[in-house]
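Please look through the structure below with the sequence beside it.

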Amino acid sequence: MIPVNEPLLTEADVASVTDALRSGWISGSGPYVETFENRWAAYCGRQHGIAVANGSVALQVAVSLLDLQPGDEVILPAFTIISCAWPVVLAGATPVLVDSDPRTWTMDVAQVRDRMTPRTRAIMPVHIYGNPVDMQPLLDVAHQFGLDIVEDAAEAHGADYRGRRVGSFGAASCFSFYANKLVTTGEGGMVLVDDEGLAERARRLRNLGFQPGRRFLHGELGYNFRLTNIQAALGVTQVERIDAIVERKRAMGRAYTRRLSEVAGLELQVEQPGARGVYWMYGVLVQETTGLDAAELARRLSARGIETRPFFLGMHEQPALRERGLFAGESYPVAERLARQGLYLPSSLGLDEGQIDRICEAVCEALR
Ligand SMILES: *Cc1c(COP(=O)(O)O)cnc(C)c1O
């Protein structure tokens with residue numbers, strides 16, 4: 001079986017983690033945490049990085065920084081992971097959805113203005129599968145109406161848009177360092193900001209709301225979302241080779257696209273002009289005319305030794321959100337089609353051209 005995604009760790013990673021263990025700094029404080037924060041923030045062109053336990057809580061911290069009130073609204077894509085909608089709901093605010101662009105699979109930015117109301121506070125773009133969202137129209141609308149952008153760059157380490165690195169576009173931008181992400185700490189995440197005050201607040205939120213000055217003094221309620229020094233040690237060596245990681249992912253993307261772009265019955269993810277994605281996962285959409293859906297294609301590929309994963313199921317189709325009265329009667333046809341017809345192919349860093357050949361041959365067979 002060719003696995004859908006396997007981390008590729010090096011001796012340098014092992015040495016770094018071993019060093020952290022030997023140093024005795026094994027909790028959420030220790031020198032690797034700050035080094036990791038500084039290096040990742042610098043790579044993304046940001047002033048401050050706040051490392052946290054995972055990407056989902058990075059989004060939770062970023063959304064907390066908005067101080068949403070009940071009735072406030074945040075616009076986000078229907079086609080994403082629950083980690084985007086959940087912190088908005090937890091804050092007592094309302095997630096408002098837009099559909100995806102049928103070619104890029106990222107949020108259709110042209111729909112944002114239609115979904116805005118006087119209660120709109122923020123927009124949350126998500127760079128789906130490493131493909132950057134068309135940010136300029138969002139930046140324009142945010143500027144015009146005084147909205148904040150919370151950027152979910154959890155799948156897009158090293159991607160860029162109009163010469164600017166992804167993760168540099170939000171008042172707060174979020175990354176995940178889960179095992180299958182381009183940079184991994186096993187579990188982990190980070191919030192990036194430029195504003196010093198926001199950075200201090202995010203640090204307090206990460207650490208139970210402890211106030212500086214006196215220990216066990218809490219000015220506001222926070223969480224324990226700390227990343228350990230052991231995990232950060234892994235992050236530091238991963239960031240050191242980020243250029244090679246990004247290049248390898250792009251080569252994988254090119255290799256798949258070369259082999260699959262002419263295959264009848266398939267649609268591939270398209271990049272926005274000015275955007276360069278990183279192919280966190282290489283997705284394909286199987287057209288209905290083939291008589292197949294993604295589940296059937298996945299079964300056929302599995303029988304040929306190829307592991308795949310289904311796409312996200314839209315937020316408006318999630319029982320956990322619908323039972324709270326959200327999204328009643330709403331439909332997002334592109335997101336619904338992606339969820340039923342889309343899957344991603346093996347996308348590990350260690351994948352070689354021979355394996356990509358084999359996978360693409362299996363895809364062609366499965367479509368026949
Ligand atoms: C992975 C991911 C997250 C959540 O990250 P975790 O570290 O798994 O909590 C959030 N958003 C997107 C788009 C992701 O792909």
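At what angle do helix α9 and helix α13 pack, and how far apart are their axes? The model is a predicted one. In it, α9 (residues 242-260) and α13 (residues 353-367) pack at an angle of about 35°, and their axes are 10 Å apart. Their crossing is right-handed. On the α9 side the residues that meet α13 are Met-252, Ala-255, Tyr-256, Arg-258, Arg-259 and Leu-260. Their partners in α13 are Glu-353, Ile-356, Asp-357, Ile-359, Cys-360 and Val-363. Sorted by class, this contact holds eight nonpolar and four charged residues, and no polar ones.

Next comes a loop residue. Gln-269 sits in the loop between β10 (266-268) and β11 (275-276). Gln-269 counts as buried because its relative accessibility is 17%, and buried means under 20%. Apart from neighbours within four places in sequence, Gln-269 is in contact with Arg-103, Thr-104, Trp-105, Ile-128, Tyr-129 and Asn-131. Two of these contacts involve backbone oxygens: that of Thr-104 lies 2.9 Å from a polar atom of the Gln-269 side chain, and that of Ile-128 lies 3.0 Å from a polar atom of the Gln-269 side chain.

The last stop is the ligand. It is surrounded by 14 residues, and the closest are Gly-55, Ser-56, Glu-155, Ser-176 and Lys-181. In the side chain of Glu-155, an N or O atom is 2.5 Å from an oxygen atom of the ligand. For the side chain of Ser-176, the corresponding distance to a ligand oxygen atom is 2.7 Å. A polar side-chain atom of Asn-54 lies 3.5 Å from an oxygen atom of the ligand.

Definitions and conventions. Residues numbered from 1 in each chain as written. Predicted model: local features only at pLDDT ≥ 70, side-chain atom pairs only at ≥ 80, totals over all residues. Heavy atoms only, no water. Axes fitted to C-alpha atoms, helices over the stretch in contact; angles between N-to-C directions. Helix = DSSP H or I, 4+ residues; strand = E, 2+ residues; numbered from the N terminus. Left-handed = near helix turned anticlockwise from the far one by under 90°. Contact = heavy atoms within 4.5 Å. Nonpolar A, V, L, I, M, F, W, Y, C, P; charged D, E, K, R; others polar. Buried < 20%, exposed > 50% of the residue type's maximum accessible area, 1.4 Å probe, protein only. Polar contact = N/O pair within 3.5 Å; in protein donor to acceptor, adjacent residues only side chain to side chain. Near = heavy atom within 4 Å.
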